[in-house]
Amino acid sequence: MASSNRTAWAQLLLRLAVGGSAILQAVLALRGAHGAITFAHVGQWGVDLGVAIAGGFVLIGLWVPLTATILAALLGWPLVHGWLHGAGPLAQPDRLFHLLSSLACALGGAGKWGVGK
């Protein structure tokens, strides 16, 4: 019984960390957006909005395996793109942390206290 409660707390804290950091990152990116409106800007705003929505779903525990996988893809793509163009594996440790924690959240699921349970 104690192990089950520890796992439930771990899943809740992981969801709060992953979802909260994704929302914070997206809001900061959207607040810092400025300049002429181009197709590239609109695409980046769409990605940032998708990160915020997926982060919100992870935060409340709704469809966590799916939304955390989408979040890992959206947050991890710049990291993988850098690897493909010659960056070292630890060139962006913050993005690597986001990628790995999103994947851990996708594997762990919503847990006992998720809305989608």
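Good morning, colleagues. Please bear in mind throughout that the model is predicted.

I begin with the overall fold. The protein chain has 4 helices and 0 strands, so that from the N terminus on the order of elements reads α-α-α-α. Its C-alpha trace spans about 55 × 30 × 20 Å along the principal axes. The chain has 117 residues, and 30% of them count as buried. Of the contacts with a separation of 6 or more, 68% are made by residues 24 or more positions apart. The exposed surface comes to about 7,200 Å², and carbon and sulfur atoms supply 74% of that area.

Let me turn to the interior. In soluble globular proteins, nonpolar side chains tend to be buried together. Here the largest nonpolar core has 14 residues, and those touching the most other members are V18, V51, V58, V64, A68, L71 and C105. Two or more residues of this core come from each of α1 (2-31), α2 (39-60), α3 (64-84) and α4 (93-108). Which residues does C105 contact, leaving aside its neighbours within four places in sequence? They are L14, R15, V18, V58, V64 and A68.

G76 is itself buried, as are V64, T67, A68, L71, A72, L75 and L79 of α3. After α3 comes G86, which has a positive phi, near 100°.

Finally, the aromatic residues. How many aromatic pairs does the structure hold? There are 2. In the pair of W9 and W113, the ring centres are 5.0 Å apart and the planes stand at 65°, so the arrangement is edge-to-face. Because W9 lies in helix α1 and W113 in the segment after α4, this pair ties together parts that are 104 residues apart in sequence. W9 is partly exposed, at 48% relative accessibility, and W113 is partly exposed, at 37%.

The other pair is that of F57 and W63: with ring centres 5.6 Å apart and planes at 80°, it is edge-to-face. F57, at 27% relative accessibility, counts as partly exposed, whereas W63 is exposed, with a relative accessible area of 52%.

Thank you for your attention.

Conventions. Residues are numbered from 1 along each chain as its sequence is written. This is a predicted model: local features need pLDDT of at least 70, side-chain atom pairs count only at pLDDT 80 or more; totals for chains, interfaces and linings use all residues. Side-chain values use heavy atoms; hydrogens and water are left out. Buried means under 20% relative accessible area, exposed over 50%, partly exposed in between (1.4 Å probe, protein chains only). Contact means heavy atoms within 4.5 Å. Accessible areas come from the Shrake-Rupley method with a 1.4 Å probe; for residues, only the protein chains shown count as cover. A nonpolar core is a set of buried Ala, Val, Leu, Ile, Met, Phe, Trp, Tyr and Cys residues joined through side-chain atoms within 4.5 Å. Rings of Phe, Tyr and Trp (its six-membered ring) pair if their centres lie within 6.5 Å; planes under 30 degrees apart count as stacked, over 60 as edge-to-face and the rest as tilted.
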